[in-house]
Amino acid sequence: MTTADDTGVDLLEDELVLHGRIMPASNATFLGAIGDVKVVYKPVAGERPLWDFPGGDLASREVAAYAVSEATGWDVVPQTWLRAGPHGVGMVQRWREPDPEQAAVEIVPHGEVPPGFLHVFDGVDGRDLPVSLVHEDTEPLRRMAVFDVVVNNADRKGGHVLEMADGHRYGVDHGITFHHEHKLRTVLWGWLGEPLRDEDVEVVSRVRAALSGGLGDTLAPLLTDLEITALERRCARLLDRGVMPAPHGEMPAIPWPPF
């Protein structure tokens with residue numbers, strides 16, 4: 001990555017100052033700043049071990065997700081990098097402030113899917129009332145759904161979608177991605193079974209090709225060889241089938257809680 005921000009801040013070397021801890025979070029997560037650049041910092045030392053992701057660290061997978069996002073050209077993941085911080089080496093990600101007036105993923109009364117939204121599943125809320133989980137049918141969110149298939153995202157919750165005021169959607173919290181086994185857990189199932197668009201095919205093909213070049217070099221210190229091979233195979237399988245996949249296997253299809 002380019003170390004100098006456009007304001008002259010050196011994102012790798014200038015002091016990372018912490019402003020507070022973000023709660024609740026499964027792993028140590030801090031809000032801070034490097035100069036005038038507001039960031040999120042997740043030190044490797046603050047990660048809790050995961051039985052189903054025993055190798056590597058979450059911080060490296062977050063940086064790998066950003067690298068794949070950059071390869072797509074879709075700007076799904078905010079700028080993310082590894083660097084030293086007050087609690088050791090960790091993932092640092094540029095802060096993106098969501099628009100509180102927007103909600104890309106919602107829980108609504110059963111049968112009341114808003115216009116422009118897609119139905120995902122039905123359930124009951126804390127008062128045992130029937131409800132439905134829905135998400136918007138927009139281009140930025142659909143691109144995120146394709147991205148999640150490619151990186152094998154095991155934790156796409158509604159709260160991991162940031163709604164920007166201009167309509168863009170950022171995805172965050174990619175620490176449990178890239179497993180070599182199928183782990184896709186997401187709330188973005190609304191396009192299940194739909195054919196890939198020409199843009200999807202072009203982008204996934206580009207990511208696959210880049211794995212034998214610059215993208216592969218970037219991912220090599222972040223992921224295992226097996227994980228990179230699995231990434232290439234997921235791209236190939238998605239292109240071969242030509243449709244958005246459906247849940248399969250024994251893994252839950254939806255992360256819990258979904259927000």
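How do the residues of the lining of the largest pocket divide into nonpolar, polar and charged? They split into 23 nonpolar, 8 polar and 11 charged, where Ala, Val, Leu, Ile, Met, Phe, Trp, Tyr, Cys and Pro count as nonpolar, Asp, Glu, Lys and Arg as charged, and the others, Gly among them, as polar. Keep in mind that this is a predicted model, with local features needing pLDDT of at least 70 and side-chain atom pairs counting only at pLDDT 80 or more, while totals for chains, interfaces and linings use all residues. Numbering runs from 1 along each chain as its sequence is written, and side-chain values use heavy atoms, with hydrogens and water left out.

A pocket here is an open set of points on a 1 Å grid over the protein atoms alone, where a 1.4 Å probe fits, with protein on both sides within 12 Å along at least five of seven lines; lining residues have an atom within 4 Å of a point. The largest one holds about 1,200 Å³, the space filled by probe spheres set on points joined across faces, edges and corners. Closest to its centre among the 42 lining residues are Ser-26, Lys-42, Asp-155, His-160 and Asp-173.

Now for the second largest pocket, with a volume of about 260 Å³. Of its 17 lining residues, Val-149, His-182, Arg-234, Arg-237 and His-248 lie nearest the centre. By class, this lining has 8 nonpolar, 4 polar and 5 charged residues.
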